[in-house]
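Trainee: I would like to learn how to read a protein model with care, one feature at a time. Could we begin with the surface and then work inwards?

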Amino acid sequence: MKTRWKTCAALLTACLLLGGCTDNTNAENDGNSDVHTGIGSGHSDQKKGDVSQVEKIFVTDSPDFSEEEVNAAMDAVIAYFEENFQGCTLREIKYDKNWQNEDWTQYGADSGIVLTSVFDVDENGGDGSLNPNETVKGWNWILTRDDNGEWTLQNYGYA
């Protein structure tokens, strides 16, 4: 019986040492990108998300943000996707002013932006949390902006 426990403890220790541990608490970004997040990142040493073919789409002009500001929000999402969506390929990111119905006060902000995206998931389900070989459509990205114009990713997923 003691041998079985020692074997289990040794295997657990080996797994932790070889696989490493990831802190998924509410941490700011890990220094690998310029994206500020109000959410934890699932960053690991796996391959990065593919953003080489992403298309930026503006469905309508924004009454609240310039094209440059919307582009900066899109760039923040693209950088986050590349670092945290291993095994996925971002196909498009879209801004549509008609999707801007979020209550920004829940994030401690006066304003923000909602972007939607389409991305493909590889045969492994990305990091394992998504359906393998699926094209995900209508994935929301919720960002707020501080007084300095910096975008902070607050939340993402299906609405």
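Mentor: The chain exposes about 9,800 Å², of which carbon and sulfur atoms supply 47%; such accessible areas come from the Shrake-Rupley method with a 1.4 Å probe, and for residues only the protein chains shown count as cover. This is a predicted model, in which local features need pLDDT of at least 70 and side-chain atom pairs count only at pLDDT 80 or more, while totals for chains, interfaces and linings use all residues. Residues are numbered from 1 along each chain as its sequence is written, and side-chain values use heavy atoms, with hydrogens and water left out.

Trainee: What is the mean pLDDT of the chain, and which element has the lowest mean value?

Mentor: The general rule is that where pLDDT is low, the predicted coordinates should not be read in detail. pLDDT is the predictor's confidence in each residue, from 0 to 100; its mean over the chain is 76, and 71% of the residues reach 70 or more.

Trainee: Which strands pair with β4, and in what sense?

Mentor: Two strands pair if DSSP finds at least two bridges between them. β3 and β4 run antiparallel and are joined by seven bridges, with Val-121 of β4 as the bridge partner of Cys-88. β4 also pairs with strand β5 (residues 135-145) in the antiparallel sense, over nine bridges, and in β5 the bridge partner of Asp-120 is Thr-135.

Trainee: Are the faces of β4 buried or exposed?

Mentor: In a regular strand the side chains alternate between the two faces of the sheet. Buried means under 20% relative accessible area, exposed over 50%, and partly exposed in between (1.4 Å probe, protein chains only). Of the 159 residues of the chain, 36% count as buried, and in β4 ten of the ten residues do. Both faces of β4 are covered, with Gly-112, Val-114, Thr-116, Val-118 and Asp-120 buried on one side, and Ile-113, Leu-115, Ser-117, Phe-119 and Val-121 buried on the other.

Trainee: How many salt bridges does a search of the whole structure find, and where do the partners of Lys-48 and Glu-83 lie?

Mentor: Side chains of opposite charge can pair when their charged atoms come close. A salt bridge is a side-chain nitrogen of Lys or Arg within 4 Å of a carboxyl oxygen of Asp or Glu, and the search finds four. One of them joins the side chains of Lys-48 and Glu-83 at 2.8 Å, N to O; Lys-48 is in the loop between β1 (36-37) and β2 (55-58), and Glu-83, 35 residues apart from it, is in helix α2 (residues 67-84). Lys-48 is partly exposed at 46% relative accessibility, whereas Glu-83 is buried at 6%.

Trainee: Which residue forms a salt bridge with Lys-56, and which with Arg-91?

Mentor: Lys-56 pairs with Asp-75, the closest N and O atoms being 2.6 Å apart. Because Asp-75 lies in helix α2 and Lys-56 in strand β2, the pair ties together parts that are 19 residues apart in sequence. Asp-75 is partly exposed at 41%, and Lys-56 is partly exposed at 31%. The side chain of Arg-91 meets that of Asp-120 in a salt bridge of 2.6 Å, N to O. Arg-91 lies in strand β3 (residues 88-95) and Asp-120 in strand β4 (residues 112-121), so this pair ties together parts 29 residues apart in sequence.

Trainee: What does Asp-122 touch, leaving out residues up to four places away in sequence?

Mentor: Asp-122, in the loop between β4 and β5, touches Lys-47, Gly-87, Pro-132 and Asn-133 on that count. Asp-122 is buried, with a relative accessible area of 12%.

Terms used:
Helices (H or I, at least four residues) and strands (E, at least two) are DSSP runs, numbered from the N terminus. Contact means heavy atoms within 4.5 Å.
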